[in-house]
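This briefing goes through selected local features of one structure, grouped by topic. Please read it alongside the sequence and the coordinates.

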Amino acid sequence: MADKFDLIVIGAGPGGYVTAIRAAQLGLKTACVEKWQDSKGGVAHGGTCLNVGCIPSKALLEASHKFVEARDDFDDLGIATGDVKMDVGKMMARKDKIVKNLTGGISGLFKANGVTAINGTGKVIGEKQVEVTDFDGKTSTHEADNIVVAAGSVPVEIPPTPLTEGLIVDSTGALEFDETPGRLGVIGAGVIGLELGSVWNRLGSEVTVLEAMDDFLPMVDGAIAKDTQKLLKKQGLDIRLGAKVTGSEVKGQEVVVKYADADGEKEITFDKLIVCVGRKPYTQGVIADGVNVDLDERGFVTVDDQCRTSVPGVYAIGDCVRGPMLAHKASEEGMMVADIIAGQKAEVNYDAIPSVIYTFPEVAWVGMTEQDAKEQGIEVSTGAFPFAANGRAMANNATEGSAKVIADAETDRILGLHIVGQHAGEMIAQGVIAMEFGSSAEDLALTCYAHPTMSESIHEAALAVDGHAIHMANRKKRK
Ligand code: FAD
Ligand code: AMP
């Protein structure tokens, strides 16, 4: 038997590594087990987020957006560029360097905070025991008073489109293309499908997105989702709703995809196909038979509001439990669990977790949509403000989109903020903070915003809740 720990965390994604660092800071003797190997066989901390998720996708989104700006927008600003070309290899090398820096950074943070990094595959084999199989296949057993399972998630595969090297790929494959595909198919108009579709559309692919559902972004406020769909269409994304993919055939270097929509069966041919139909919890093999940690029918570890599993002392967090599959949600749960194990009171406010789609413009939201509120029988007052009427947006060449505040009609408490616009992902924090502090729309309306900023649109949307927007003809009568 090796060392005994206060806490062993399985998985070093944004859930697991944050738990481990926080726990060590609070004085707990902590280890974190990670099995992800880099191309040289060493450990790569950071999970999906740093290796094949949030960070590499944003590196490609930023590069491809700058390319479009240089190609299409600079002339209008008076900047002559000549022929703008994209070097895909260089873009990928930059992305890989960022990933390497960040994953290496986590290893450094473990050292600095006194977290013991254990390389290998962890398995809970008892209430207080974790077995680790290292990269050479050797096993060891480690004891801990508490265990946190933070094993994350993996892409869902669907039978109609089995992954086929270089032709039918998942999100990980779509971050590695060495050249811009000609005709690119994307299955799934979710967050990941739209982001990856945008990257390659910007670089010149003819992108078709096939989405089974009839609604576009049903989790976003209807008006904002409608705006977003229009904007992405204008950029050239061919988004086909109500189009369920039923089969595919690889013919030489092409993929023929069959799908069914309201008009019947159809076929479309692509040079590459990205399958982005969601992610599923990665819990296989993490819990040994005989350990009574309950999983639900979809494989998520069953947990209570404080991430306790059915076995005392064993917690689970992040993508492998219920709730949105987001890095910051995983980290928040990790902070909470570390605090609880250290004897402190802690909770996560699941009503105030922001979501962002990093397209251009970005889409960001927190809290309820107007539809959600209606379904729950809550009467709401809303205020919206278009970026077209915002001076900074004009100066920034970013007048597309709008911000919408949703407030309780009776109490004025902010229930949601939904934005489509440049920097929406940064601006959404205002709604999150307002909701965390139980603010009213009037609180935001009475707050001083710097001028000129995109955020002034949120100020104006809050003012518009009771018909007092300054730079817009209000639809409502002033009270
Ligand atoms: P993961 O990050 O999946 O980490 C789990 C870790 O556990 C992995 O490193 C895995 O190797 C390890 N592990 C699993 N089993 C074992 C075992 N038995 N032993 C040892 N180690 C094990 N989210 C956002 O919030 N913002 C974004 O912009 C965003 N963009 C994304 C883009 C893409 C293309 C993808 C695929 C995802 C994106 N996500 C984004 C989602 C985000 O990556 C996940 O929500 C987040 O990584 C979940 O964190 P986690 O710690 O729960 O799991
Ligand atoms: P998300 O879960 O946000 O990543 O989104 C995945 C999307 O893929 C959802 O909107 C699903 O409706 C969509 N989807 C799943 N299966 C299919 C399919 N066979 N054809 C088209 N779209 C699909």
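Arg202 lies in helix 6 of this predicted model. Helices (H or I, at least four residues) and strands (E, at least two) are DSSP runs, numbered from the N terminus. The side chains are described by heavy atoms, without hydrogens and water; residues are numbered from 1 along each chain as its sequence is written, and chains are lettered from A and ligands numbered from 1 in the order in which they are written. Because the model is predicted, local features need pLDDT of at least 70 and side-chain atom pairs count only at pLDDT 80 or more, while totals for chains, interfaces and linings use all residues.

**Arg202**

- Arg202 counts as buried because its relative accessible area is 7%; buried means under 20% relative accessible area, exposed over 50%, and partly exposed in between (1.4 Å probe, protein chains only).
- Not counting residues up to four places away in sequence, Arg202 touches Leu61, Ser64, His65, Phe67, Val68, Arg71, Tyr358, Thr359 and Phe360, where contact means heavy atoms within 4.5 Å.
- Between Arg202 and Gly15 there are 187 residues of separation in sequence and 32 Å in space, C-alpha to C-alpha.

**Second largest pocket**

- The second largest pocket has a volume of about 470 Å³.
- Of the 19 residues in its lining, Val68, Asp73, Gln235, Phe360 and Glu400 are the closest to the centre of this pocket.
- On a 1 Å grid over the protein atoms alone, a pocket is an open set of points with protein on both sides within 12 Å along at least five of seven lines, whereas a cavity is a set of points where a 1.4 Å probe fits but cannot get out; lining residues have an atom within 4 Å of a point.
- Grid points are joined across faces, edges and corners, and a volume is the space filled by probe spheres set on the points.
- Helix 3 (54-73), helix 6 (191-202) and helix 7 (222-234) each supply at least two residues of the pocket lining, and the largest share, 6 residues, comes from helix 3.
- By class, this lining has 4 nonpolar, 8 polar and 7 charged residues; Ala, Val, Leu, Ile, Met, Phe, Trp, Tyr, Cys and Pro count as nonpolar, Asp, Glu, Lys and Arg as charged, and the others, Gly among them, as polar.

**Largest cavity**

- The structure holds 1 cavity of 30 Å³ or more, and the space in the largest cavity is about 60 Å³.
- Thr382, Gly383, Ala384, Ala464, Gly467, Met472, Asn474, Arg475 and Lys476 line the largest cavity.
- Strand 20 (residues 380-386) gives the largest share of this lining, 3 residues.
- The cavity lining has 3 nonpolar, 4 polar and 2 charged residues.

- An open sheet of 5 strands is ordered 8-15-9-10-11, with parallel pairing; two strands pair if DSSP finds at least two bridges between them.
- Strand 8 (168-169) and strand 11 (238-240) are the edge strands, each pairing on one side only.
- Strand 9 (residues 183-187) runs parallel to strand 15 (residues 272-275) and is joined to it by 4 bridges; Leu184 stands opposite Lys272, and Gly185 has Leu273 as its bridge partner.
- Strand 8 pairs with strand 15 in the parallel sense over 2 bridges, and Val169 stands opposite Ile274.
- Strand 15 is covered on both faces, with Lys272 and Ile274 buried on one side and Leu273 and Val275 buried on the other.

**Helix 1**

- Helix 1 (residues 16-25) is mostly covered, with 8 of its 10 residues buried: Gly16, Tyr17, Val18, Thr19, Ala20, Ile21, Ala23 and Ala24.
- The cover over these buried residues includes strand 1 (4-10), strand 2 (30-34), helix 4 (88-113), strand 6 (139-149) and helix 8 (327-341).
- Gly27, which follows helix 1, has a positive phi, near 95°.

**Ser457 and the cysteines**

- Ser457 is in helix 13 (residues 456-464) and counts as buried because its relative accessible area is 0%.
- Leaving aside neighbours within four places in sequence, Ser457 is in contact with Phe385, Pro386, Phe387, Asn390 and Ala403.
- The count of disulfides, each a pair of cysteine sulfur atoms within 2.5 Å, comes to 0.
- Cys320 is in no disulfide, and the nearest cysteine sulfur, that of Cys307, is 9.1 Å away.
- Cys320 is buried at 0% relative accessibility, and Cys49 is buried at 11%.
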